[in-house]
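Q: Could you go through this model with me, one piece at a time? I'll jump around a bit.

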Amino acid sequence: MLQPKKTKFRKQQKGKMKGNSGRGHELAFGSFGIKTMQQAWLTGRQIESARQAVTRYMKREGQIWIRIFPDKPVTKKPAEVRMGKGKGAPEYFVARITPGRILFEAEGVPLQVAKEAMRLAAQKLPVITKFVVRRDFTEEN
Amino acid sequence: MKKVSLSGSLRENVGKKDAKKERRNGNVPCVLYGGNEQVHFSVDAFNFGKIIFTPETFLVELNIDGKVYQALLQDVQYHPVSDSALHADFLEVVEGKTIVSALPVKIVGNSPGVIAGGKLQQKIRKLKVKGLIENLPEEIKVDISMLKIGDSIKVKAVQPENIQLLDTPNSVVVMVKAGRGAAVVAGEDEAVTEAAE
């Protein structure tokens, strides 16, 4: 599961997300990919689950790239604890994504295989996504 | 270099409001520079799509309200969510002046490595070149008929005539990787046995 090796601070404030993705909205490595249409916090588990779905469908052929990284710690209070008495303990890490962000990229497999693999990955994510293909893509290259 | 013609109309006003209006009307706001003057114009988004949804690089003959310019597509900005073209830059081609452009790589020939079960991987799809417009070919051909499993062709091995390649000489253009269950090429097998003896 993806998470930082070490962090400067253990806990972070929630923050706000506004607007579309300012960067990471173009395919940079592969010919195919999925792009989010919504903003969300994607947990390390969700990203890992989607990655496994792609890898299994592509049967270890081709190459995939994960374009997001969960670097924001999320805290949670234990069950049945009264409010107050400080912020809870860090539970998991999330990646903040805004509309337009490319989540996964793939290369080295036919278009139909990549499309199905990305569909399976999208099912593991809590956002609406769109399958994208490199603009100059042709079946022969 | 392949030629394509595109007609556009001059923009009466420039700025955010006018650009948004152009996009609503199905046009792409564009700018042409590199010549004597800067020209702000707009082209039909559908026709513009023909030069971006292709691996080829074109010399664009721009017809802007009757005046014809030769230009190269320099840069395009896209919407992060809808992926529609927001704005395009064209660089005017002046005769006798060297230009920098990216030309598509065309793979030719049959590789013995691929026949033996290796996987062909194209690492670079477009090579950055510098030269005079009349010397620029449609595509840069890379012959892979000598590529065995594990071999690669680097930028320094590609030598097109009359143009200069700007990519890093040691970058790999195309390679044949050993696929799962790839057979060893007959020549290599013999060489290994000889060495063992």
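Q: Which residue stands opposite Q121(B) in β13(B)?
A: In this model, which is a predicted one, Q121(B) has M175(B) opposite it in β13(B).

Q: And how many bridges join those two strands, β8 and β13 of chain B?
A: Strand β8 of chain B, residues 119–122, is joined by 4 bridges to β13 of chain B, residues 172–177, and the two strands run antiparallel.

Q: What about β11(B), in which sense does it pair with β13(B)?
A: The pairing of β11(B), which covers residues 152–154, with β13(B) is antiparallel and extends over 3 bridges. Within this pairing, I153(B) stands opposite V174(B).

Q: Switching to β2(B): why is it described as largely enclosed?
A: Because 6 of the 7 residues of β2(B), residues 27–33, are buried, the strand is largely enclosed by the rest of the structure.

Q: Which strands does β2(B) pair with, and in which sense?
A: With β3(B), residues 39–44, the sense is antiparallel and there are 6 bridges, whereas with β6(B) the strand runs parallel and is joined by 4 bridges. To give one residue pair for each, V28(B) has V43(B) as its bridge partner in β3(B), and V31(B) stands opposite D89(B) in β6(B).

Q: How many residues lie between β2(B) and β3(B) in the hairpin?
A: There are 5 residues between the two strands of that hairpin, and in the turn G34(B) has a positive phi of about 105°.

Q: Let's look at V39(B) in strand β3 then. Buried or exposed?
A: V39(B) is buried, since its relative accessible area is 6%, which falls under the 20% limit for that class.

Q: What is V39(B) in contact with, neighbours within four places aside?
A: Leaving those neighbours out, V39(B) is in contact with L10(B), C30(B), V31(B), L32(B), I64(B) and Y69(B).

Q: What does H87(B) touch?
A: Not counting residues up to four places away in sequence, H87(B) touches V28(B), P29(B), C30(B) and V31(B), and also D75(B), V76(B) and Q77(B).

Q: Changing topic: how much area do chain B and chain A bury between them?
A: The two chains bury about 1500 Å² between them, and 41% of that area is on carbon and sulfur atoms. Chain B brings 16 residues to the contact and chain A brings 22.

Q: How many salt bridges between the chains?
A: The count is 5 salt bridges, one of them formed by K119(B) with E61(A), where the closest N and O atoms are 3.0 Å apart. On the side of chain B that touches chain A, the residues divide into 6 nonpolar, 4 polar and 6 charged. Between the chains there are also 7 residue pairs in polar contact, counted with both residues at pLDDT 80 or more.

Q: What's in chain A, in terms of helices and strands?
A: Chain A has 2 helices and 7 strands, which follow the pattern β-β-α-β-β-β-β-α-β when read along the sequence. The C-alpha trace of chain A spans about 60 × 30 × 25 Å along its principal axes, and buried residues make up 38% of its 141 residues. Of the contacts in chain A with a separation of 6 or more, 81% are between residues 24 or more positions apart.

Conventions
Residues numbered from 1 in each chain as written. Chains lettered and ligands numbered in written order. Predicted model: local features only at pLDDT ≥ 70, side-chain atom pairs only at ≥ 80, totals over all residues. Heavy atoms only, no water. Contact = heavy atoms within 4.5 Å. Pairing = 2+ DSSP bridges. Buried < 20%, exposed > 50% of the residue type's maximum accessible area, 1.4 Å probe, protein only. Buried area = accessible area lost by both parts, 1.4 Å probe. Salt bridge = Lys/Arg side-chain N within 4 Å of Asp/Glu carboxyl O. Polar contact = N/O pair within 3.5 Å; in protein donor to acceptor, adjacent residues only side chain to side chain. Nonpolar A, V, L, I, M, F, W, Y, C, P; charged D, E, K, R; others polar.
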